[in-house]
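Please read the following explanation slowly, with the model open beside the text.

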Amino acid sequence: MDARLEANLENWNDRVRIHAESRFYNVEGWLLKAPGPPTWEIEALGDLEGKTLVHLQCHFGMDTLQWARAGATVTGLDFSLAAIDEAKALAERAGQSERASFVCANVYDAPRALSGERFDVVYISLGALCWLPDVSKWGAVVADLLAPGGRLYLHDGHPFTSCFDDDGEQVIYSYFEEPDNPSVSDSASTYTDGEELSVTITYEWNHSIGEIVAALIGRGLVLDSLTEHDWTLFQRFPWLVETTSGLLVVPEGRPRIPLSFTVLAHSPD
Ligand SMILES: C[S@@+](CC[C@H](N)C(=O)[O-])C[C@H]1O[C@@H](n2cnc3c(N)ncnc32)[C@H](O)[C@@H]1O
């Protein structure tokens, strides 16, 4: 594997226990409440009872298991073995292990790691594409995983936000993909509460909205919709404010910028 992805893998392995114990993810509360997918995902994907869904970069499986609760047969894939072990344990605790399996692999190796299986839905949730150096190769992976007529659901951080420093005040990084020029970070903190990380170096890449869409249509997928949202689900910048429904938005008095986006696409029959 690419040395930069190896470094990211070490960092993600280090984050898993901290995240699983964090108030941010609130695993105990989630087990008690047993939520299904959020409304915007159900509006986009409808009823997936009896359908197959693969979740790329599933972390420790909370988003994946919400679709299992809604009746889908789900497969989560992540390159962090710590995340996959935690996801399997969580599936047991959530009573979803019959409908959920988890596989440890690099996204770029997913079709091989999943033995060529094709899925009704490829599902990707927040915090995924910034960890991948090449969005065109990712598009090929998505196309290879979709059954004929299968659908892609991608909700991720907006690449415009990735141009800014952590304070959200200055543009410091390219909006466009630069595979050989990652944004390098040395930080002991993660996006959740909890103790400091011991593995601190990470590499991230940006991909413009145009490059993401081109990566999909270039592999034969049909674009159904592209929506830029003025909300996200975590404190991307210190000045974002939380709405009563738990979304993070730009406060009044600041120019509105896109904070996340959703792409829906499908594979031709
Ligand atoms: C921000 S987390 C995803 C969070 C998820 N949406 C959630 O809310 O739980 C990003 C995940 O991508 C995984 N990841 C990063 N690069 C990867 C790669 N090349 N292949 C597979 N997984 C990768 C990390 O291990 C991590 O679990």
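A residue is called buried when its relative accessible area is under 20%, exposed when that area is over 50%, and partly exposed in between, with a 1.4 Å probe and protein chains only. Helices (H or I, at least four residues) and strands (E, at least two) are DSSP runs, numbered from the N terminus. This is a predicted model, in which local features need pLDDT of at least 70 and side-chain atom pairs count only at pLDDT 80 or more, while totals for chains, interfaces and linings use all residues. Residues are numbered from 1 along each chain as its sequence is written, and side-chain values use heavy atoms, with hydrogens and water left out.

Helix 5 spans residues 81–93, and its 13 residues reach 18 Å from the first C-alpha to the last, close to the 18 Å expected at 1.5 Å a residue (the expected span is 1.5 Å times one less than the number of residues). Its buried residues are A83, I84, A87, L90 and A91. Because these residues cover an arc of only 125° around the axis, they lie on the same side of helix 5, where the arc is that of the directions from the helix axis to the C-beta atoms. On the other side of helix 5, E92 and R93 are exposed. The buried residues pack against several elements, among them helix 1 (3–20), helix 4 (62–69) and strand 2 (73–78), with contact meaning heavy atoms within 4.5 Å. Just after helix 5 comes G95, which takes a positive phi of about 70°.

We turn now to the aromatic rings. A pair of aromatic rings is described by the distance of the centres and the angle of the planes. Rings of Phe, Tyr and Trp (its six-membered ring) pair if their centres lie within 6.5 Å, and planes under 30 degrees apart count as stacked, over 60 as edge-to-face and the rest as tilted. By this rule there are 13 aromatic pairs. Y175 and F176 form an edge-to-face pair, because their ring centres are 5.1 Å apart and their planes stand at 80°. The rings of F237 and W239, by contrast, are stacked, because their centres are 5.0 Å apart and their planes are at 20°. F237 is buried, with a relative accessible area of 0%, and W239 counts as buried at 16%.

W239 also has a charged neighbour: the charged end of R254 sits over its ring, 3.9 Å from the centre, which requires NZ of Lys or CZ of Arg within 6 Å of the ring centre and within 35 degrees of the ring normal.
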